[in-house]
Amino acid sequence: MAGRINDDDVKVVRDAVPIDTVVSEYLQLRPAGGGNMKGLCPFHDEKSPSFQVSPSKGLFHCFGCQEGGDTIAFVMKIDHLSFSETVERLAAKAGITLRYEEGGYNPTHQRGERIRLVEAHKAAADFYVEQLGGEEAAIGRKFLAERGFDQSAAEHFGVGYSPAGWDHLTRFLRGKGFSDKELLLAGLSQDGRRGPIDRFRGRLMWPIRDISGEVVGFGARKLRDDDNGPKYLNTPDTAIYKKSQVLYGVDLAKKDIAKASRAVVVEGYTDVMACHLAGITTAIATCGTAFGTDHIKILRRLLMDNGSARVIFTFDGDAAGQKAALRAFEDDQKFAAETYIAIAPDGMDPCELRLNKGDAAVQDLVEPRTPLFEFAIRQIVSRYDLETPAGRASALDEAGPIVARIKNGASQHEVAVQLAGILGILDTQFVVKRVAQMARWARDRGGRGPAGPASSSSSSASSSASSSSYDSGQSPALSGPALNLRSPAHRTERELLKLALQRPELVSPAFDAYGVDEFTAPPYAAVRRAIEDAGGAEQGMASAPEYLAGVREAAPNDAVRALVTELAVEVFHGKTIDEAYAGEQLVRVRLRAVDLRIHDVTSTLARLGTGADHERHQAVQNELWVLQQYRQSLRNSGAAAL
């Protein structure tokens, strides 16, 4: 086993890799105000962005699903890595050499499994690229040249060649220190009669990279007639490769997809190459599987579903291509983007089109022409005889439910009107009403659907929090009403804690004199305790990242830790965040605490009555008088009275 990574090195890695840079490898970020960035959460489905990143604090938080943390936590969550694997990956990106507490500098055999599999794929990709220049690979170079791809194109996409022998790659990777077990787990080798042999032999090789640019698999094209395998052979699903969750070319296309709010979905590796070389640098493709829900999630995060986003599908004009288009339409409603279909003349794919008619023809192909819903409807309607009333009625019965699935009412009405025109039914309102009826039936059959999408605001995301998840390990002082952001008191407490975490210089040293019991919501009392246990808000005046890391570490459980992160990235409600604003929040929280204490003391005085011990009665009266004077002072002098 590897020794524990040196704590100082972990801190260096955390500080060296900006969180917004890392997150931007997976989704599009836009300014959210207050120096924060926002985007569509990669950890749950949402229509509007509730995922926020604070570059200055090195933290992220989603106000929809409550995931949050620092750079390391983000990479661990999104790539399913262990803590040490994540630190090792980030250290490699930053060029940092890690020290281990129990000896050695990052010994290769002690690396995390995922890191090792990725390293094996990178070494394999380099090996295949080198082999493409050899004599045996002439058939592969010829294949590329016949499709209009020269050496520079092959280099740009990392295309390589796998030798036809049984174990060329296996022996090469063994020499690099990889074990047979690792090669089998990576899907680069497979079991043979006398041990592992190469999975890919005598084929043209395309490296498949994840959205961060790491090679996680390969697509292999058959070149010889005596190869009895399939035309395309892909890496099997492994710990680092799931074909339903990767898009070929996304590492090259992601920035332009985000910039242009447009993605072009093609069917194969050579189609992606052709599009990119023709200037369509937003082209991507699936890897041996149908375009599905997980692919949509990747694109939506890049497109940001901003209303003007477009997704253009290119499919062959044959029956298989039409079937693929209809299958894509099944998932159409999962996009907020507008979806279109592009079919090249004579059934050519983008690669063939570029070869026969040039780059301009490819560029013209992907200009949006036919909405996907229209194509799907016309494909259905084409099977009926629209010259007869029975044919038109039957076509409506099959195409109507397709239109009824459109969730947006205005869009559904508009498409229903178009359907009437396609069918040749003059009574447009009849078709509109029929589609609306089908939509109601579908809802009724499905029962009551899920509630609407969660609000991206912190209020709705947090208002349902109960006290129990925050009370673990805490004192009885945390008992009290559950968090309710309709309560002015709770809103003010939240704002004050945000100041203590984000702008501690504005509330120190006064904040550190506030007791845990001055925060009436148990979740906020728990955060106040964590700040206290981390050394107080004054600690944050020196180094914000270290201070926040300390508060998160002091939190008693994941629920409190998540709330700390949430408060550390949430924007303030005030227009101007200065000492006056901070003082106002300090006074409001203190006034609330004083009012509650006055209420308690008044109740005690009433219970004592006139027959109580004189000294006890006098002491309670004196406390009440002091509290009333303090309350008046707070109201008259504000923060100066604290």
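Setting aside residues up to four places away in sequence, Ala-124 touches Leu-169, Leu-173, Leu-188 and Phe-218, contact being defined as heavy atoms within 4.5 Å. The model is predicted, so that local features need pLDDT of at least 70 and side-chain atom pairs count only at pLDDT 80 or more, while totals for chains, interfaces and linings use all residues. Residues are numbered from 1 along each chain as its sequence is written, and side-chain values use heavy atoms, with hydrogens and water left out.

Ala-124 lies in helix 5; helices (H or I, at least four residues) and strands (E, at least two) are DSSP runs numbered from the N terminus. Its relative accessibility is 0%, and Ala-124 therefore counts as buried (under 20% relative accessible area, with exposed over 50% and partly exposed in between; 1.4 Å probe, protein chains only). The C-alpha atoms of Ala-124 and Leu-173 are 7.4 Å apart, although 49 residues separate them along the chain.

In helix 6 (residues 138–146), the residues Gly-140, Phe-143 and Leu-144 are buried. Viewed down the axis of helix 6, these buried residues fall within an arc of 95°, and so line one face; the arc is that of the directions from the helix axis to the C-beta atoms. The face turned away from this buried side carries the exposed residues Lys-142 and Ala-145. Among the elements covering the buried residues of helix 6 are helix 7 (151–157) and strand 9 (203–209).

Leu-144, Trp-206 and Phe-218 have the most contacts inside the largest nonpolar core, which has 61 residues. Such a core is a set of buried Ala, Val, Leu, Ile, Met, Phe, Trp, Tyr and Cys residues joined through side-chain atoms within 4.5 Å.
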